Amino acid sequence: MDWLNALQGTLAVALVVTTGLLGLQQGTVRTLRESNGDLRARREDQDKYVAEVEVKLSKCEAENEVLRTVVTGEAHLEALTHQLDEHHRESMEALVEIKDAIQGGPHGA
Amino acid sequence: MPLDRDHVTIASRLMLPTYAAFCGVYGIVFILDPQGRLGRAASLEAARWAMDLWIWGALWLVLAAVMLAALRTHTRDRYLAALYICRASWWAWAVVCEAAVFFNDDVTFLAGSLGVFVGIACTASIRSLRTGEA
């Protein structure tokens, strides 16, 4: 085999191998592009989901605020009722004392 | 994803070892050229002009060895690289065999069909391996 044949053979093999590797590179780039598209679509879906969750969260916070006010109002009402009961009891005790004093001692003596 | 039976299609379980065996057999026959038949084949005139038949054989034998090693070590990327080069070599083979039609009236018009078919089969397997179908 002479050198020209060897060179021709080497060049031919190099051409075939290079063509194959170029195909491999192209396939890799295509796969990466597809993955990129898929990830981009997934990220958009997740962004939409986050936006929906944020809207729900705002609604929940507003409802929570209303409920907190209601609960606070009830606690306030309860405190007032308790105070009224206290005053009523003290008033009744004072009235009994006054009545006793008017009638000249305990049991109208 | 490893290259094993659980991570390839049913078709690939058959085809991946077949590519290695096919290239290996062609490689051995082209290197040894039993009885000098390949050297006398009219359809291989252009192929012999492109490069000596034993070089074609050596290329396929090396590819077969790489594919077998990749199958043993379950390395998908290595097998893919060999398959891409295998595809390129068989398309080149199709071109040189078909070119012989223009140089020799005894060569059939179908001379390049084997190379085209093997190239298409390689393309199908490449797409299957790339997608990682299981």
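This is a predicted model: local features need pLDDT of at least 70, side-chain atom pairs count only at pLDDT 80 or more; totals for chains, interfaces and linings use all residues.
Student: How do you know that the length of helix α6 of chain B agrees with its 19 residues?

Tutor: Take 1.5 Å a residue: residues 113-131 should span 27 Å, and the end C-alpha atoms are 27 Å apart, so the two values agree.

Student: Okay, on to rings. What makes Tyr26(B) and Phe30(B) a stacked aromatic pair?

Tutor: A whole-structure search turns up 12 aromatic pairs over all chains. For Tyr26(B) and Phe30(B), the centres are 5.8 Å apart and the planes make 25°.

Student: How far along helix α1 of chain B are Tyr26(B) and Phe30(B) separated?

Tutor: By 4 residues, which is about one helical turn. An α-helix has 3.6 residues a turn, so residues three or four places apart point the same way.

Student: Why is Phe30(B) called buried?

Tutor: Phe30(B) has 6% relative accessibility, and buried means under 20%, so it qualifies. Tyr26(B), at 21%, is partly exposed.

Student: And why is the pair of Phe30(B) and Trp93(B) called edge-to-face?

Tutor: Their ring centres are 5.2 Å apart and the planes sit at 75°. Edge-to-face asks for over 60 degrees, so that's the label. This pair links distant parts of the chain, with Phe30(B) in helix α1 and Trp93(B) in helix α5 of chain B, 63 residues apart. Trp93(B), at 5% relative accessible area, is buried as well.

Student: Which residues form one aromatic cluster?

Tutor: Phe22(B), Tyr26(B), Phe30(B), Trp56(B), Trp60(B), Trp90(B) and Trp93(B).

Student: Now the surface. What makes the nonpolar surface patch?

Tutor: Ile28(B), Ile31(B), Leu32(B), Trp54(B) and Leu61(B) make it, covering about 460 Å². Two elements give two or more residues each: α1 (10-32) and α4 (53-73) of chain B. The top contributor is α1(B), with 3 residues.

Student: Why is Ile31(B) called partly exposed?

Tutor: Ile31(B), which lies in helix α1 of chain B, has a relative accessible area of 36%. Buried is under 20% and exposed over 50%, so 36% lands in between.

Notes:
Residues are numbered from 1 along each chain as its sequence is written. Chains are lettered from A and ligands numbered from 1 in the order in which they are written. Side-chain values use heavy atoms; hydrogens and water are left out. Patches are made of residues with over 30% relative accessible area and no salt bridge: like charges are joined within 9 Å, nonpolar side chains (Val, Leu, Ile, Met, Phe, Trp, Tyr) within 5 Å. Accessible areas come from the Shrake-Rupley method with a 1.4 Å probe; for residues, only the protein chains shown count as cover. A salt bridge is a side-chain nitrogen of Lys or Arg within 4 Å of a carboxyl oxygen of Asp or Glu. Buried means under 20% relative accessible area, exposed over 50%, partly exposed in between (1.4 Å probe, protein chains only). The expected span of a helix is 1.5 Å times one less than its number of residues. Rings of Phe, Tyr and Trp (its six-membered ring) pair if their centres lie within 6.5 Å; planes under 30 degrees apart count as stacked, over 60 as edge-to-face and the rest as tilted.
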